[in-house]
Amino acid sequence: MDEGFSLHLAGLTLSETLCLSVVVTLGLAAAAWFWGPRGGRPPAVALELAWQMMHDAVAEVVAPVHVDRVLPFIGSLWLFIAVSNLLGLVPGLTSPTRDLSVTAALAVIVFFAVHLYGLRAAGARAYLRHYIQPSPILAPFHIISEITRTLALAIRLFGNMMSLEMAALLVLLVAGVLVPVPLLLLHVIEALVQAYIFGMLALIYVGSALEVSLPEGQPPGPPSPSLPTSSSSAPESP
């Protein structure tokens, strides 16, 4: 399999995956500064729409008090994975997310972020106590589930992106240039879907950790609007 280009710097060999990951990270950071409050440029309509969609998605999972704290992390995941997935459309480049080392690094970041959010919101004692509820016997199963879902998060994104690029290569070898446009559209849709799925799973994991800090019986999402009572809705008699 073609491993792409590599750079040699100070005796170190930098792979294509590492180089592209750094380029994507720096590009997103530069875009955030350019269109952020420090840059002073008004954001485009598409950026405002994307931010609103991410905000609404986060608000549906976590409590309103945690939305502004969780949104930067989940939004960064969505943007990084989406841009990395779409790099496979550029001739001569491959998606960094088709490398298991990248998806494993993202999954490890999510793993630690989940526990940091939980510890910060609930405190060490309350957060660690939920691992032995309702019975201490379940503690090993909680730990195993944390590890297995992290592995599944890494392997799912890696396998989907690898199979997508392999399928695209096979179709191009068989059909040549007869089906480039539908294939590109399929790649774009699949790249965005995989970024969305990874981000939503990470959001659900973070939301489950933040639920420990909520009062008993309070739902994690935004409060549902209360219905008017019969006494308030009935017209007053003269």
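Pro-134 is found in the loop between α5 (124-129) and α6 (139-175). In this predicted model, the peptide bond that joins Gln-133 to Pro-134 is cis, with omega at about 0 degrees.

**Overall make-up**

- The protein chain contains eight helices and two strands.
- Read from the N terminus, the order of the elements is β-β-α-α-α-α-α-α-α-α.
- The chain has 238 residues, of which 32% count as buried.

**Helix α1**

- Helix α1 covers residues 16-35, which makes 20 residues.
- From first to last C-alpha, α1 reaches 28 Å, close to the 28 Å expected at 1.5 Å a residue.
- Its buried residues are Glu-16, Thr-17, Cys-19, Leu-20, Ser-21 and Val-24.

**Helix α4 and the glycine that follows**

- Helix α4 has 23 residues, and at 1.5 Å a residue these should span 33 Å; the end C-alpha atoms are 33 Å apart, which agrees.
- Buried residues of α4 include Val-102, Thr-103, Leu-106, Ala-107 and Val-110.
- Ala-113, Val-114, His-115, Tyr-117 and Gly-118 are also among the buried residues of α4.
- Gly-123 follows α4 and has a positive phi, near 90 degrees.
- Gly-123 has its place in the loop between α4 and α5.
- With a relative accessible area of 24%, Gly-123 is partly exposed.
- The C-alpha atoms of Gly-123 and Val-212 are 9.4 Å apart in space, while the two residues are 89 residues apart in sequence.

**Aromatic pairs**

- How many aromatic pairs does a search of the whole structure find? The search finds four.
- One of these pairs is formed by Phe-73 and Tyr-117: the ring centres are 6.1 Å apart and the planes stand at 50 degrees, so the pair is tilted.
- Phe-73 belongs to helix α3 (residues 64-86) and Tyr-117 to helix α4 (residues 100-122), so this pair ties together parts that are 44 residues apart in sequence.
- Phe-73 is buried, at a relative accessible area of 15%.
- Tyr-117 likewise counts as buried, at 14% relative accessibility.
- Phe-111 and Phe-112 form an edge-to-face pair, with 5.4 Å from centre to centre and 85 degrees between the planes.
- Phe-111 is partly exposed, with a relative accessible area of 26%.

- Side chains of opposite charge can pair when their charged atoms come close.
- The count comes to one salt bridge.
- In this salt bridge the side chains of Glu-146 and Arg-149 meet, at 3.0 Å from N to O.
- Both Glu-146 and Arg-149 lie in helix α6, three residues apart, about one turn of the helix.
- An α-helix has 3.6 residues a turn, so residues three or four places apart point the same way.
- Is Glu-146 buried or exposed? Glu-146 is buried, with a relative accessible area of 11%.
- Arg-149 is partly exposed, with a relative accessible area of 21%.
- Arg-149 also lies over the face of Tyr-205, at 4.1 Å from the ring centre.

**Nonpolar surface patch**

- Leu-100, Ile-143, Ile-147, Leu-151 and Ile-155 make a nonpolar surface patch of about 470 Å².
- Helix α6 gives the largest share of the nonpolar patch, four residues.
- Ile-143 lies in helix α6.
- Ile-143 is partly exposed, with a relative accessible area of 48%.

- Ala-168 is found in helix α6.
- Ala-168 is buried, with a relative accessible area of 14%.
- Ala-168 and His-187 are 19 residues apart along the chain, and 8.0 Å separates their C-alpha atoms.

Terms used:
Residues numbered from 1 in each chain as written. Predicted model: local features only at pLDDT ≥ 70, side-chain atom pairs only at ≥ 80, totals over all residues. Heavy atoms only, no water. Phe/Tyr/Trp six-rings, centres within 6.5 Å; stacked < 30°, edge-to-face > 60°. Buried < 20%, exposed > 50% of the residue type's maximum accessible area, 1.4 Å probe, protein only. Lys NZ or Arg CZ within 6 Å of the ring centre and 35° of its normal. Expected span 1.5 Å × (residues − 1). Patch = residues over 30% accessible without salt bridge, like charges linked within 9 Å, V, L, I, M, F, W, Y side chains within 5 Å. Areas by Shrake-Rupley, 256 points an atom, 1.4 Å probe, with all protein chains shown as cover. Salt bridge = Lys/Arg side-chain N within 4 Å of Asp/Glu carboxyl O.
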